[in-house]
Protein chains: 2
Amino acid sequence: MATDMTAELIPLEGIPEIEEGDDVAAVILASAEACGVDWRSGDVLVVTHKIVSKAEGRIVSVVNDDEYRDLVEREAATVVRRRGDLIIAQTRHGFICANAGVDRSNVAAGKAVLLPLDPDRSAHRIRTRIRRAVGRDVPVIISDTFGRPWRRGLTDVAIGVSGIAPIIDLRGTVDASGRELRVTEIAIADEIAAAADLVMGKAKAVPAAIVRGIEWPLGPGRATDLVRSAPEDLFR
Amino acid sequence: MATDMTAELIPLEGIPEIEEGDDVAAVILASAEACGVDWRSGDVLVVTHKIVSKAEGRIVSVVNDDEYRDLVEREAATVVRRRGDLIIAQTRHGFICANAGVDRSNVAAGKAVLLPLDPDRSAHRIRTRIRRAVGRDVPVIISDTFGRPWRRGLTDVAIGVSGIAPIIDLRGTVDASGRELRVTEIAIADEIAAAADLVMGKAKAVPAAIVRGIEWPLGPGRATDLVRSAPEDLFR
């Protein structure tokens with residue numbers, strides 16, 4: 001490490017293609033062991049939703065673009081915007097994203113991957129399994145890749161959390177000048193998901209990473225805490 | 001390091017309060033030396049815009065909320081949304097953010113900090129100074145903390161870049177299954193800014209960090225490459 005305060009982004013490599021019924025926690029534990037990575041206090045584990053969805057059987061057949069479009073409509077609770085083939089929708093969980101989170105990349109031809117039914121619960125299950133195996137309570141973030149208004153390019157965000165509050169609430173704290181902070185809520189779980197993506201990549205088969213050495217807020221939190229309520233959202 | 005592929009987030013500590021005319025690159029170089037941090041090939045330097053703005057004299061007096069509101073209106077090229085005291089505006093650079101980027105936190109009472117006039121140029125100047133001092137070409141990202149539609153909490157994003165293409169274009173590449181990637185553009189500069197924020201924090205006086213050991217795209221790029229053009233943006 002360069003300094004005592006240096007944080008690390010540790011990719012968990014060698015994770016094989018996941019199929020329905022596979023035990024994601026076991027695969028992650030095996031990868032960490034094979035990579036020589038121990039589990040430390042303060043670690044956060046980030047897992048891309050795709051391997052979770054696959055293990056949970058959230059894969060459906062999609063033979064053509066029409067079927068794909070129908071599937072997106074079915075997965076959408078509300079359509080927020082539509083332009084040509086692009087649908088921005090709110091999912092039943094509450095997340096707003098393109099195509100209601102239905103994705104045809106990194107899955108066999110003729111298939112599409114849906115979001116986990118309850119990503120917080122998926123995160124909780126992985127966390128529990130790891131705690132039992134290694135005796136450490138490591139918070140887990142399930143990530144997905146979302147677009148956003150105004151800014152080009154996609155970033156990874158948190159769609160499931162367990163053991164970590166997804167938002168740091170700075171209300172009442174003061175800055176280095178003693179002035180109360182105007183910026184009061186930091187989306188720490190999204191920043192952690194984005195950081196983990198830096199060692200995962202989209203075309204590489206690295207679906208999990210450990211973020212080590214950062215401060216994060218303990219808490220029960222749910223990933224939907226990161227979703228603005230409709231009345232406070234100026235852009236739906 | 002935990003594995004060969006592990007990346008590091010290295011906070012540059014001990015940077016003093018910056019004032020107009022200060023040499024930000026010199027301060028960063030001194031901090032790295034004091035922290036025992038060498039500069040390596042592949043490093044990316046992230047600097048929060050606030051110290052750049054202060055050094056460039058982008059500070060103005062604001063005696064009350066009315067003056068602050070007037071200042072925001074002057075800094076805004078276009079107002080995108082308005083609700084109560086909150087103004088979401090596009091700045092002259094093209095960024096869309098709250099209060100046109102005018103900020104009263106982490107600055108002396110009665111003052112507000114504006115965005116740098118040309119953050120890409122600020123990044124370029126710092127990069128050039130570091131290259132001359134240490135003989136390494138380290139790309140520089142100037143970051144700011146932005147909110148976003150749909151999701152609560154703020155994240156750090158890139159508002160200035162030099163030596164790094166802010167977007168990875170994956171068009172034409174295939175995923176691990178051989179399928180062409182649907183996700184074609186990754187906002188790598190925003191993910192790097194968010195990662196760096198994990199070791200900076202809002203209430204701490206850590207305004208710069210080195211991100212080490214990740215892959216990033218070489219390129220001329222400008223930070224406004226990250227801004228969606230109005231016609232392709234469904235949410236203005």
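Me: What makes up 64% of the contacts in chain A with a separation of 6 or more?
Reply: Residues 24 or more positions apart account for that share. A contact here is a pair of residues whose C-beta atoms, placed from the backbone, lie within 7 Å. This is a predicted model, in which local features need pLDDT of at least 70 and side-chain atom pairs count only at pLDDT 80 or more, while totals for chains, interfaces and linings use all residues. Residues are numbered from 1 along each chain as its sequence is written, with chains lettered from A and ligands numbered from 1 in the order in which they are written.

Me: Why is chain A called as compact as a globular protein of its length?
Reply: The radius of gyration of chain A, taken over C-alpha atoms, is 18 Å. The globule rule (2.2 Å times the number of residues to the power 0.38) gives 18 Å for 236 residues, so chain A is as compact as a globular protein of that length. Along the principal axes, its C-alpha atoms fill a box of roughly 55 × 45 × 30 Å.

Me: How much of chain A is buried?
Reply: Buried residues are 51% of the 236 in chain A. A residue is buried if 20 or more other C-beta atoms lie within 10 Å of its own, exposed if 12 or fewer, and partly exposed in between.

Me: What makes up the side of chain B that touches chain A?
Reply: The contact joins 66 residues of chain B to 65 residues of chain A. Elements of chain B giving two or more residues are β1 (7–11), β4 (76–83), β11 (185–186) and α5 (188–197). Helices (H or I, at least four residues) and strands (E, at least two) are DSSP runs, numbered from the N terminus. With six residues, α5(B) gives the most.

Me: How do you know that β1 of chain A and β1(B) pair?
Reply: Pairing requires at least two bridges found by DSSP. These strands have three, in the antiparallel sense, and E8(A) stands opposite E8(B).

Me: What makes domain 1 and domain 2 of chain A separate entries?
Reply: The bounds come from an automatic or database domain assignment, which divides chain A into domain 1 (8–57 + 116–228) and domain 2 (59–114). Their C-alpha centres lie 23 Å apart. The contact between them takes 12 residues from domain 1 and 10 residues from domain 2. On the domain 1 side, α2 (49–55) and β8 (140–146) of chain A each give two or more residues, and α2(A) gives the most, with three.

Note on methods. Two residues are in contact if their C-beta atoms, placed from the backbone, lie within 7 Å.
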